[in-house]
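Open your viewer and get ready to click along. We will go from one selection to the next, and at each stop you will read what is there.

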Amino acid sequence: MQKAQNKLAIMACHSKISKFVYPGPGKPLDIRQVDGQYEVFTLVEKTVKQNLMKILTTETSTVYTESLLAGTIAMALCYIARILRTKTPGLKINSRILTVTGSGDSASQYMNYMNVFFTAQKQNVVIDVCALDQHLSLLQQGCDITNGLYLRIPQIQGLLQYLLWVFLPEPPVRQKLVLPPPVKVDYRAACFCHRELIDVGYVCSVCLSIFCKFSPICTTCHTVFKIPGPLTVKSKKKKIKL
Amino acid sequence: MVNVMKGILVKCDPAMKQFLLHLDETLKLGRKFIIQDLDDSHLFISSDILESLQTKIDDLMDQISFPMNEKDK
Amino acid sequence: MADNGIGTSHQANTALIQASNLECKNLYDYLRTRPSTLLDRLYNHPAICLAVYRELPEIARQYVIRILFVEQPVPQAVVASWCHQSYSKEHTHVCQVLSDLFVWHEAPIPGGLPGWILNSTFKRNLKTALLGGGKPWSMSSALEADNKARDVSFLDGYSAERWECVLHYMVGSQQQEGISADAVRILLHAGLMKRDEDDGSPVITRQGFQFLLLDRQAQVWHFLLQYLDTVEQRGLDLGECLTFLFQLSFSTLGKDYSTEGMSQGLLIFLQHLREFGLVYQRKRKAGRFYPTRLALNITCSQNKGVPVLEEDAPKGYIIVETNYRVYAYTDSNLQVALLGLFTELLYRFPNVVVGIITRESVRQALRGGITSEQIIGYLKQHIHSQMLSGDNKNALPPTVLDQIKLWELERNRLIYSEGVLYSQFLSQADFNALKQYAQQTGCLIWSNKEKRTMVVNKTGHDDRKKLEIEECVKIYPNIYNRNLPNEIWCDDADHEHCIEAFQRFCPRHFIIDMMFVKSTTWPVCQF
């Protein structure tokens, strides 16, 4: 909408799968004009409705676990990488990912999230997060790392307005507009053994993985650590006066 | 009484200005054309000499540049 | 090569002083010159609202989308608070742009503060373009599938062939058949070609060369703007044509659209577009047409060299080496002719052309009116992908680019401006007063306080002359402005008295060629 050269992709995910909603798999729909809407918008609308319906109706299980958000962001990053690879040389593309989610925080996916965020940072992809329900500290960290915007919507009725006001402008324009200031981020890490957020812990000096309790072998890189003994006090050397 | 004269204001770098002064002194264009020397980079000249002046400048530029590639003919 | 029409030396002077360059208006500039009634009509169509929206500056787009769904006027102070303090100048510029285009206008809010409200037609139709509703602009939903459907590559080939016909004609290569008289007329009107004095046949002008080196989208847009200027003379309706053009630019490539319901004028317009390669129709009376790539997104070519993300964009074919050699892997006559404008072609093979960029060839181009920017832009546009896959920053050898720019600067060592020199002021106060006046009216070119000399450009001088004469006539009862506009006459039988009056008056004012025509009855003073 903003520029003719912009491209769009939409994905959806829940606890079992993550899928591309637009551009959908298979051939694009053949649409004819039925009203004054811009044809590309009509195509997007119809495709999204159709694919979302398919996803919602084929989901039959009643077991609810956490949503596979990290995996979906990873798929989105792959898509961006593919577009970058097939573009004409000399062309600069800025990409950003907007995540609209109603899920809660999931410390069990901590590693995946961190991998995804650091990859996005390397690829200069901006990740914005729109949290509908709960406060998501992990995703907030991601926004902070990639220079994106994190917003928790107080009223769901105002969703469109928040989306238009805050998330529509591209990153270069954002500094010209007055937008919600970044909130203080909770940078607590999660320990690798229990996936719980901790303040103080042990760090392996080889692979930098975090543990809440001391363990003689690091589970990630299998380095062996000696049990530290009591600290010995060195006797001071007596200075010999000449 | 104030002196009023019609002509052309020429803005150039000091080196070019010296060249123009040289052309003027040695009457290379047939006559003197500088009405007034304004400052280091500006001159006021008469208007009808413009075309032959441009030709002389082009000649000068041709003289001081050397072709980079000699054709293999 | 291009002849600047050097006839008398005065013409040459003007040519040297005011070289006119190709002016490409963007959508905003074009619409600003149209009357507001036309804009009102245009805003009734969703496609135009979307096109205008896309062309707005970044911040303007944010403002518009924010108040799109708001029914009441929004206070101006609130809108101003949306923009960061340090960018307030941009904010005022953006407000001006939006008012110029009649996208919004001032409206008071209850409480008395000034507010902005979106133009209701614009608002309604932009919402239609975004969300749906309203009428479709072509009756395509009733169209059956075309049994002789054309695919995208055919359309691309067709549009390239037709457009290049026009370009070939401009360059004068006799390869293609000529183009229609209509197209020639548009080229002449646009100033891209002009009638040669000798044989009346059209020859390309300076602006024509610059046009040739633009990228295709920019060429199409510029050409269409010129065409739209002549549209009224042909009896077509400008609003209708503009609307159709924008609707076309938002259509989808490869789909066919129906011609049902289009007025006679629009059908003629469609035939012209068919000739230039913007649409494809199998026959004149076929009930459907296919827009080609040239017609899509015509208005978004304003950002210089924004490449398209399409996978099948035209491939680059030029390689430039650091020894000033140019290798162009092409066999198209047009591309070879364009290269020949600024390089010296050495060899030509079936699939490659070798040329060399020399001082002479570049100077020739510069004399023809092409600027170094355009040459470099053209090379960058068509650069071979292999040169880009290396180091992105220095795709073209910087030595070559710098040298082209230097060759251009070499020609511009002298800058000329026609003007009038005022010197030998009697008092510093006079000098200061006149200098200030000249600065205010914007015609001061150069001044030096110590020497009490200044140069004013010609228009300023002419204005000043007029003012002086008016003042003179007002003050002195016996002085008239008769005959020539730069002469004043004195009515007084006492010549000496007149001369004294002149001399008293003249030191404070500026007279060239003060001439006392003693042979006539009345002394005359010429300014």
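This is a predicted model: local features need pLDDT of at least 70, side-chain atom pairs count only at pLDDT 80 or more; totals for chains, interfaces and linings use all residues.

Residues are numbered from 1 along each chain as its sequence is written, chains are lettered from A and ligands numbered from 1 in the order in which they are written, and side-chain values use heavy atoms, with hydrogens and water left out.

**Stop 1: chain B**

Select chain B and colour it by secondary structure. Follow chain B from the N terminus and the elements come in the order β-α-β-β-α.

Of the 73 residues in chain B, 42% are buried, where buried means under 20% relative accessible area, exposed over 50% and partly exposed in between (1.4 Å probe, protein chains only).

**Stop 2: a sheet in chain C**

Next, select β9, β10, β12 and β11 of chain C. In that order, these 4 strands form an open sheet with antiparallel pairing; two strands pair if DSSP finds at least two bridges between them. At the edges are β9 (318–320) and β11 of chain C, each pairing on one side only.

Zoom in on β9(C) and β10(C) (residues 325–328): 3 bridges join these antiparallel strands. One pair to click is C:Val320 and its bridge partner in β10(C), C:Val326.

Then move to β11(C) (residues 344–348) and β12(C) (residues 353–356), which pair over 4 bridges. A hairpin of 4 residues links β11(C) to β12(C). Click C:Tyr347, and in β12(C) you will find its bridge partner, C:Val354.

**Stop 3: C:Arg150**

Finally, select C:Arg150, in the loop between α8 (120–131) and α9 (152–171) of chain C. Is C:Arg150 buried or partly exposed? C:Arg150 counts as partly exposed because its relative accessibility is 25%.

Show what surrounds C:Arg150. Leaving aside neighbours within four places in sequence, C:Arg150 is in contact (heavy atoms within 4.5 Å) with C:Leu155, C:Gly254, C:Tyr280, C:Arg282 and C:Tyr290. Try the distance tool on C:Tyr290: C:Arg150 and C:Tyr290 are 140 residues apart in sequence, and 8.1 Å apart in space, C-alpha to C-alpha.

Key
Helices (H or I, at least four residues) and strands (E, at least two) are DSSP runs, numbered from the N terminus.
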